[in-house]
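Please read them with the structure open beside you.

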Amino acid sequence: MQLAEKTDLTFNFINDIENGKKWISPTTLSKLSEALGAQPYHFFLPVQNVQQHGKNELLSAFSDDILNQISKIFRDTVEKYE
């Protein structure tokens, strides 16, 4: 419920995302990442990597250049579809 309130999405929609019944738009991905304090690309990392490694270790696997490129792609995509 708290995530729904932070993102201005319905609880049912978030539940459907979690259960693989709905796909999200770049705008929704942006809302979720902001509300959860994560970068959008974190949602695409394998779950086992997140569980086995701390956040700093995960981030160190990416060069700053790649992280900047990923962030720019997501920003551009969100702007395009807003």
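**Notes on the model**

1. Phe 43 lies in the loop that joins α3 (26–36) to α4 (47–52). The model is a predicted one, and in it Phe 43 is partly exposed, its relative accessible area being 36%. Together with Leu 36 and Phe 44, Phe 43 makes a nonpolar surface patch of about 330 Å².

2. As for the overall fold, the chain contains 6 helices and 0 strands, so that the pattern read along the sequence is α-α-α-α-α-α. Of the 82 residues, 22% count as buried. The chain exposes about 6400 Å², and carbon and sulfur atoms supply 51% of that area. Among the contacts in the chain with a separation of 6 or more, 38% are accounted for by residues 24 or more positions apart.

3. Which residues of α3 are buried? They are Thr 28, Leu 29, Leu 32 and Ser 33. These residues are on the same side of α3, because the arc they cover around the axis is only 130°. After α3 comes Gly 37, whose phi is positive, near 70°.

4. Thr 28, which is placed in helix α3, deserves a separate comment. Is Thr 28 buried or exposed? With a relative accessible area of 10%, Thr 28 is buried, since the cut-off for that class is under 20%. Leaving aside residues up to four places away in sequence, Thr 28 touches Leu 9, Phe 13 and Ile 17. Thr 28 and Thr 7 are 21 residues apart in sequence, and their C-alpha atoms are 8.1 Å apart in space.

5. Leu 29, also placed in helix α3, is buried, with a relative accessible area of 6%. When residues up to four places away in sequence are not counted, Leu 29 touches Ile 24, Pro 40, Phe 43, Phe 44 and Phe 74. Phe 43 and Phe 44, two of these partners, are also members of the nonpolar surface patch described in point 1.

6. Asp 8 is placed in the loop between α1 (2–7) and α2 (11–18), and Asp 8 has a positive phi of about 60° although it is not a glycine. Most residues other than glycine have a negative phi, which is why this position is pointed out here. Asp 8 is exposed, with a relative accessible area of 66%, whereas Thr 28 is buried at 10%.

Definitions and conventions. Residues are numbered from 1 along each chain as its sequence is written. This is a predicted model: local features need pLDDT of at least 70, side-chain atom pairs count only at pLDDT 80 or more; totals for chains, interfaces and linings use all residues. Side-chain values use heavy atoms; hydrogens and water are left out. Helices (H or I, at least four residues) and strands (E, at least two) are DSSP runs, numbered from the N terminus. Buried means under 20% relative accessible area, exposed over 50%, partly exposed in between (1.4 Å probe, protein chains only). Contact means heavy atoms within 4.5 Å. Accessible areas come from the Shrake-Rupley method with a 1.4 Å probe; for residues, only the protein chains shown count as cover. Patches are made of residues with over 30% relative accessible area and no salt bridge: like charges are joined within 9 Å, nonpolar side chains (Val, Leu, Ile, Met, Phe, Trp, Tyr) within 5 Å. A salt bridge is a side-chain nitrogen of Lys or Arg within 4 Å of a carboxyl oxygen of Asp or Glu. The arc is that of the directions from the helix axis to the C-beta atoms.
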